Amino acid sequence: MFKIRGIALGSLLAMLMVCLIQGCGVNYSLSGGSIPENLKTYSVAFFENISPIVNPNLSQTFTEKLKETIRTQSRLSQVNQDGDALFEGVITNYAITAAAVESNTDFAALNRLTVTVKVTYKNTKDDTGESDFEESFTQFKEFRGEFTAQENTLSAEVVKMLTEDIFNRAFNNW
């Protein structure tokens, strides 16, 4: 009798473990996240830099990087205008600030480049408008030393983080 209970209890535990293991997990996909099937194209308008400090290359760099991020991480085809997924916006902040001050001096030991982009996303295939958003995204990179010697590298790293955030917000619901 104890043997039958033991077998039944063991079988029950085994089935419970199988259900738990199959029910838990994370699905990873390189096929473009949760992009709706009815979306086929995307367009990215030029992002003008309206921040008080203007990096003359930032608008073009950001716009092209956003196009590239969507192109390489999704199945969508790029069109010049009127895509199924529309991205437009402005660069609202480009700032260099002190992140840490050296002790007993007034000099910055660590500086921070911060970039903020205001993005409007519209999914023209979503009649409810639930997937549309207008949101600001901010990223920064800290650095030591002279800024001008590092500006291109720092800007590229910040732009990459921003475009990843925008892609994830638009297509992965993050």
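In strand 3, which residue is the bridge partner of Thr-41?

Reply: Happy to. Keep in mind that this is a predicted model. The bridge partner of Thr-41 in strand 3 is Ser-77. That pairing belongs to a parallel arrangement: strand 1, residues 41–44, and strand 3, residues 77–78, are joined by two bridges.

Strand 1 also has strand 4, residues 85–101, as a parallel partner, this time through three bridges. Over there, Phe-87 is the residue that stands opposite Val-44.

Now for the side chains. As a rule, those of a regular strand alternate between the two faces of the sheet. Strand 1 has Thr-41 and Ser-43 pointing one way, with Tyr-42 and Val-44 pointing the other way. All four of them are buried.

Tyr-42 and Val-44 lead us on to Lys-67, which is in contact with both of them and with Gln-78, leaving aside its neighbours within four places in sequence. Lys-67 itself comes from helix 2, residues 58–73. Is that lysine buried or exposed? Lys-67 counts as buried because its relative accessible area is 15%, and the cut-off for buried is under 20%.

To place this part in the whole: the protein has three helices and six strands, and along the sequence they follow the pattern α-β-β-α-β-β-β-β-α. Of its 174 residues, 33% count as buried. Looking at contacts between residues at least 6 apart in sequence, 68% join residues at least 24 apart. As for the surface, the protein exposes about 11100 Å², with carbon and sulfur atoms supplying 55% of it.

Key: Residues are numbered from 1 along each chain as its sequence is written. This is a predicted model: local features need pLDDT of at least 70, side-chain atom pairs count only at pLDDT 80 or more; totals for chains, interfaces and linings use all residues. Side-chain values use heavy atoms; hydrogens and water are left out. Buried means under 20% relative accessible area, exposed over 50%, partly exposed in between (1.4 Å probe, protein chains only). Helices (H or I, at least four residues) and strands (E, at least two) are DSSP runs, numbered from the N terminus. Two strands pair if DSSP finds at least two bridges between them. Contact means heavy atoms within 4.5 Å. Accessible areas come from the Shrake-Rupley method with a 1.4 Å probe; for residues, only the protein chains shown count as cover.
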